[in-house]
Amino acid sequence: MANSDEITHSSDYTFVGTNIANADLPREHPANFRYQTQDINKPWPAEFSSNFNLVHQRLVFGGYTDTKAIVQNLSALVKPGGWIQLIEVEDKSSANDGPAVQNYIQLMRDTFGAIGARFGDINKAWVWLEEVGFEHLHEKLIEIKYGARIPNENLARKGVWMNKAIATPLSKFAKTLPQENMTLSPETLDNLPDELEVEKAKRGGAVYLRAVWGRRPS
C-alpha cells in the first residue's frame with residue numbers, strides 16, 4: 001500500500017507492507033517503508049481508513065472463507081481518487097494441460113474447499129468492488145507458464161521445482177482430510193508430485209491469475 005498527497009518521486013511515498021507472520025517481515029528497509037503484522041481477516045487499524053492512494057493485495061483468497069468481506073475491508077483503506085488492485089489464482093485449467101496439471105488444479109480446488117476456503121473467488125471481485133461504489137473497473141487474465149513452455153531452461157527448471165515443492169506438502173495434507181471431500185484417490189495423491197514434475201519438464205503447463213483493479217470516486 002502506498003500513501004502520499006502529492007507524489008513526484010518514489011521517496012514521496014510512504015509504503016506500508018503487511019503479512020500475517022512477523023518473522024517474514026524485512027528487518028532492514030528504507031525510511032519511507034513500514035512493515036507490520038496484519039491478518040486481513042481482522043479489522044485494519046483505524047488510521048488506515050481512507051488513507052491510501054493504492055492498495056495492492058495478492059494470493060491470499062485460498063486461505064480464507066469470507067473473501068467478500070476481505071475485499072470490502074481492503075476497499076475501505078483507499079482514499080477518494082485512489083486505486084485498489086487484487087491479484088489471485090483463477091480456478092481454471094487449459095485444454096493444453098496434461099493429466100498431472102489437471103489433477104493439481106483439482107487438488108487445490110478440493111483441498112481449499114474442504115477447509116472452507118474460497119479458491120477462485122477472484123472472479124467475483126469486480127462485482128464486490130462495484131457494490132461499494134468503485135469505478136473504472138478492469139480485469140485481466142494472466143497465464144503463467146511453467147516447465148517446457150518456457151524457452152529459458154534455467155527458469156523452466158526452477159518453475160518445475162517450485163510446482164513440485166508446493167504439490168508435495170499439499171498432497172500430504174489432502175490425505176489427512178475427509179476422503180469423501182477428495183476427488184483424487186490416496187494413490188493418485190502419492191504419485192502426483194513426481195508425475196507433475198515429469199509432465200511439466202516434458203510438456204509444460206500453466207496456472208492462471210486474474211487481476212482486478214478499480215478507482216474509488218473522488
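This is a predicted model: local features need pLDDT of at least 70, side-chain atom pairs count only at pLDDT 80 or more; totals for chains, interfaces and linings use all residues.
**Entry: helix α5**

I started with α5, which runs over residues 186-202 and has 17 residues. From first C-alpha to last I get 25 Å, close to the 24 Å expected at 1.5 Å a residue. I then looked for a bend, and α5 does bend, by about 45° at L192. A proline, P193, follows within four residues of that point.

Which residues of α5 are buried? I listed L189, L192, P193, L196, E199 and K200.

Next I checked what the buried residues pack against: α2 (99-114), β6 (135-146), α4 (153-174) and β7 (205-215). Just past the end of α5, G204 has a positive phi of about 85°.

**Entry: nonpolar cores**

I looked up the largest nonpolar core and found 24 residues in it. Those with the most contacts inside it are M1, V55, L74, L77, I84, L86 and L129. The elements giving two or more residues to this core are β4 (52-58), α1 (67-75), β5 (78-89) and α3 (125-131). There is also a second, separate core of 16 residues, with A100, Y104, L170 and L177 among its members.

I went back to L77 for its neighbours. Leaving out residues up to four places away in sequence, L77 touches M1, W44, F48, S49, S50, N51, F52 and V55.

**Entry: aromatic rings**

How many aromatic pairs are there? I count five. I picked out F48 and F52, both on the contact list of L77. Their ring centres are 5.2 Å apart and the planes are at 85°; over 60 counts as edge-to-face, so that is what this pair is. F48 has 2% relative accessibility and F52 has 1%, so with the cut-off at under 20% they count as buried.

Elsewhere, ring pairs join Y13, F15, F33 and Y35 into a cluster. I also found K92 over the face of Y208, at 5.1 Å from the ring centre.

**Entry: I150**

Last, I looked at I150, in the loop between β6 and α4. Its contacts, not counting residues up to four places away in sequence, are K145, L155 and A156. I checked I150 against T183 as well: they are 33 residues apart along the chain, and 30 Å separates their C-alpha atoms.

Methods. Residues are numbered from 1 along each chain as its sequence is written. Side-chain values use heavy atoms; hydrogens and water are left out. The expected span of a helix is 1.5 Å times one less than its number of residues. The bend at a residue is the angle between axes fitted to the seven residues ending there and the seven starting there. Buried means under 20% relative accessible area, exposed over 50%, partly exposed in between (1.4 Å probe, protein chains only). Contact means heavy atoms within 4.5 Å. A nonpolar core is a set of buried Ala, Val, Leu, Ile, Met, Phe, Trp, Tyr and Cys residues joined through side-chain atoms within 4.5 Å. Rings of Phe, Tyr and Trp (its six-membered ring) pair if their centres lie within 6.5 Å; planes under 30 degrees apart count as stacked, over 60 as edge-to-face and the rest as tilted. A charge sits over a ring if NZ of Lys or CZ of Arg is within 6 Å of the ring centre and within 35 degrees of the ring normal.
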